[in-house]
Amino acid sequence: APSAFLFERRIERVERLLLATDMSVSAIAAATGFANANYLAKAFRRVHGLAPLEYRTQARNAVGA
């Protein structure tokens, strides 16, 4: 469905911003079209099983290890 496609693209952009920047979750939510940081965190956790900042920490630690 088009809405699922759009959601996937938005989550991919969130992933890139989490890894490539030090933007806050609130700023990333605003930049990617989510209503607020809470909704972004809930949607992100549904996809990845992690909060956005947990994802950022784990991914950066994996790259640095």
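By the ring-pairing rule used here, this predicted model holds two aromatic pairs. Take Phe 34 and Tyr 39 to begin with. Their ring centres are 5.6 Å apart, and their planes stand at 50°. Tyr 39 has a relative accessible area of 40% and is partly exposed.

Now turn to Phe 44 and Tyr 55. Here the ring centres lie 5.1 Å apart and the planes meet at 75°. This pair is edge-to-face, because its angle is over 60 degrees. The pair also links distant parts of the chain. Phe 44 belongs to helix α3, Tyr 55 belongs to helix α4 (residues 52–64), and eleven residues separate them. Both Phe 44 and Tyr 55 are buried.

Go back to Phe 34 for a moment. What sits over its ring? The charged end of Arg 10 does, 4.2 Å from the ring centre.

The largest nonpolar core has 14 residues. Those with the most contacts inside it are Val 14, Leu 18, Ile 28, Phe 34, Leu 40 and Phe 44. Which elements give two or more residues to this core? They are α1 (2–20), α2 (25–32) and α3 (37–48). Helix α1 gives the most, with five residues. There is a general pattern to keep in mind: nonpolar side chains tend to be buried together in soluble globular proteins.

Look at Val 14 in particular. Set aside its neighbours within four places in sequence. Val 14 is then in contact with Ile 28, Thr 32, Phe 34, Leu 40 and Phe 44.

Thr 32 on that list deserves a stop. Thr 32 lies in helix α2. Its relative accessibility is 7%, so Thr 32 counts as buried. Beyond its neighbours within four places in sequence, Thr 32 is in contact with Arg 10, Arg 13, Val 14 and Leu 17. Thr 32 and Leu 17 are 15 residues apart in sequence, yet their C-alpha atoms are 9.4 Å apart in space.

Next, see how two helices cross. Two packed helices are described by the angle and the distance between their axes. The axes of α1 and α3 come within 11 Å and cross at roughly 95°. So α1 is roughly perpendicular to α3, a label that covers 65 to 115 degrees. Which residues meet where these helices touch? From α1 come Phe 7, Ile 11, Val 14, Glu 15 and Leu 18. From α3 come Leu 40, Ala 43, Phe 44, Arg 46, Val 47 and His 48.

Finish with Ala 4, in helix α1. Is Ala 4 buried, exposed or partly exposed? Its relative accessible area is 35%, so Ala 4 is partly exposed. Ala 4 and Thr 57 are 53 residues apart along the chain, and 27 Å separates their C-alpha atoms.

Note on methods:
Residues numbered from 1 in each chain as written. Predicted model: local features only at pLDDT ≥ 70, side-chain atom pairs only at ≥ 80, totals over all residues. Heavy atoms only, no water. Core = buried A, V, L, I, M, F, W, Y, C linked by side-chain atoms within 4.5 Å. Buried < 20%, exposed > 50% of the residue type's maximum accessible area, 1.4 Å probe, protein only. Helix = DSSP H or I, 4+ residues; strand = E, 2+ residues; numbered from the N terminus. Contact = heavy atoms within 4.5 Å. Phe/Tyr/Trp six-rings, centres within 6.5 Å; stacked < 30°, edge-to-face > 60°. Lys NZ or Arg CZ within 6 Å of the ring centre and 35° of its normal. Axes fitted to C-alpha atoms, helices over the stretch in contact; angles between N-to-C directions. Parallel < 35°, antiparallel > 145°, perpendicular 65-115°, else oblique.
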